[in-house]
Every structure is written in C-alpha cells, then in structure tokens.
Amino acid sequence: MTTVPVRPLTVGALARDLVASEGQAVSALRCYETLAALWVRSEDRRLPTAERLRASTLRAAGRLIRGEMQVAAPDAHLVPRELTSDESLVRLPASLAVQGVEWPDIVQLSERWLSARSDGWPVAVVGVRTGGAYLAPLVAARLAREGLDVHLASVRPGERITPSRRRILLVDDPPLTGRTLVSLAQRLAEPGNTDVLVPAFRDDNVQPLRDAGISVTVLPRSHWASTRRLASGALDTYLVKEATWIGRAEAPVSVVGFRPGRELSAGRMAGLAAPLARPGRLHPLDPARPATGGGVLDSARHLR
C-alpha cells in the first residue's frame, strides 16, 4: 500500500486556509468545523476576538442545520492574526473524531430536549471544552430556530462563567463516568437550573448525573447515524457501493456477523462492532481518497 506523509493539523493551518478561501464556496461542514476549532482556541487563549468567532460559529451552525451544503467562506478579517501564526495542534473532539457521533445526531439530541420542554425561560448553551464546544453551537442553532432566546458559551472544568438568569444547558462528548459534568453542573448554577445534553454509549454512563438530581437528555448509541448504518441490510448495501476488494473483481458482499468492539476508554479509540464480511477482504483505506462530507474532522479521521 502506498503511504503518504501526514502533516499535523494545526490551528494556524486552519486559520490560513480560511483566510485564503475568503468569499469562495466551501463545504458548509468544513466551514463550521474550522470556525469551531478557531473559536475554541481563541477561548483558550482568551483573545478579544473570541466573541466574534463565537457569533460566526453559531451562524455557520445555523446554515449547516438548515441543509446548506456549500457556503461562502467568511471575510478574512474575522480571523485574528494571533491564530494564523498559531502552530499548536488542533484539539479534536473525541465524539466527532473517533467515537462515531455525527453532527445530525446533535440536532436530534436538541430536538429530544425541545420535545420535553415546558417552560419559556431563556437558555445558555454551554459547551464543555474541548469536545462540547464543537457540539454546543449546533444545539444553540437548533433551539434558536424554535424562537428560543439562546446564548452560546463554553467552559473548561475549573473555569467559571458569569451567572445569569438563563437555564444552563451543558453539552459534552459522550461521558465515561459523568463525574466531571456533575461537578460542573453543581458549580455553574442553582440546583434544578441545569440540564445536561449528551450522546451516550450506555445509560449507566449518565447515572451519576441522575443520582445527583440533574436533568439529563441523552441520545443513546442505538440512535446514532453511524449505528443505524450497521443495521441489517444497510451495511451490505454500503459495502457493495463503497468497498474496494482484493481478489475477484465483482465479489458479492454479505455481512455474516459482528465481532464486538470496545467502548472508549482513556486514550484509546472505541471501535463499533467490527463487521465480518465474506468473500474477500477490504482493501485498506486509500489516504489519498477525498474524505466523505468534506469536513475538517472527516479529513483528520481519514488520516488517523
């Protein structure tokens, strides 16, 4: 198999690419993910332009969930010079990069929360950096479409946010134990004024939150788009359409079972159950092949 060098994905590279694309048509997903990465970094560096990037990320999220596939790249002046020269590595969210969560899942998660909503209080959607800050703008944009008064913010464990009269919605990657979210929820708001919105591998991953009396809205793994693609018949169809096979040119594909994978543990990637197919074997992924969807994280995922 031909190998290609993998260049580190840096904040500066993303920023310079966005500046160079000013006014050009770009993937709506790529534009959103780029702006989210720059917003996260500007928050970490406490740059005065963080507010401007936050607003732009929220607008990009709105366009993505409205179904726009291509958007015009924003004005170059939106990107601060400090980020164009920032060669730190982009911190990718585990949920989108390796755990199998996709942006439509977060829209579905938001709609679950909306369906159970009964009051008209304004809300603050707070993404727990790093991962939750990539997801929170999607939640905020979906709620705003329903006419809710929404403010978007982000926080790292240990940081504080300015108290407000808004109901706080904490958004994060799929939790492992839920203890970090319990601590944040108890510190950021009065009891009963915080909800947690998360995709989750198992129901017991959020049990500590429920035990602490914190309201939780969950999108279980069985409802993720990546899981549904493993449903009976769906994977067969996908492999016939997309797979490159070694051996017979037109090898028919039939999934005959699954080998259980592991869920995410610290520092390791969780595989979904690995499909067992016959005949032949899948050709290794070609690193030169364009990543499906055109997003920054799709590209990074493709090169892992």
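Two rings of Phe, Tyr or Trp, the last taken by its six-membered ring, count as a pair if their centres lie within 6.5 Å. Keep that cut-off in mind as you move through this predicted model.

**Start with the whole protein.** Show the cartoon and you have twelve helices and eleven strands to look at. Of the 304 residues, 45% count as buried. Among contacts with a separation of 6 or more, 73% are made by residues 24 or more positions apart.

**Next, select phenylalanine 201 and tryptophan 224.** A search of the whole structure finds one aromatic pair, and here it is: the ring centres are 5.4 Å apart and the planes meet at 55°, so the pair is tilted. Planes over 60 degrees apart would have counted as edge-to-face. Now trace the chain on either side. Phenylalanine 201 sits in the loop between β6 (194-200) and α9 (207-211), while tryptophan 224 is in the loop between β7 (215-220) and α10 (225-228), 23 residues apart. Are these two residues buried or exposed? Both phenylalanine 201 and tryptophan 224 are buried.

**Then go to threonine 130.** You will find threonine 130 in the loop between β3 (123-128) and α7 (131-145). Show the backbone atoms here, as the peptide bond from arginine 129 to threonine 130 is cis, with omega near 10°.

**Finish at arginine 46.** This stop is in the loop between α2 (28-44) and α3 (50-65). Arginine 46 has a positive phi, near 55°, in a residue other than glycine. With a relative accessible area of 67%, arginine 46 is exposed.

Definitions and conventions. Residues numbered from 1 in each chain as written. Predicted model: local features only at pLDDT ≥ 70, side-chain atom pairs only at ≥ 80, totals over all residues. Heavy atoms only, no water. Phe/Tyr/Trp six-rings, centres within 6.5 Å; stacked < 30°, edge-to-face > 60°. Helix = DSSP H or I, 4+ residues; strand = E, 2+ residues; numbered from the N terminus. Buried < 20%, exposed > 50% of the residue type's maximum accessible area, 1.4 Å probe, protein only. Contact = heavy atoms within 4.5 Å.
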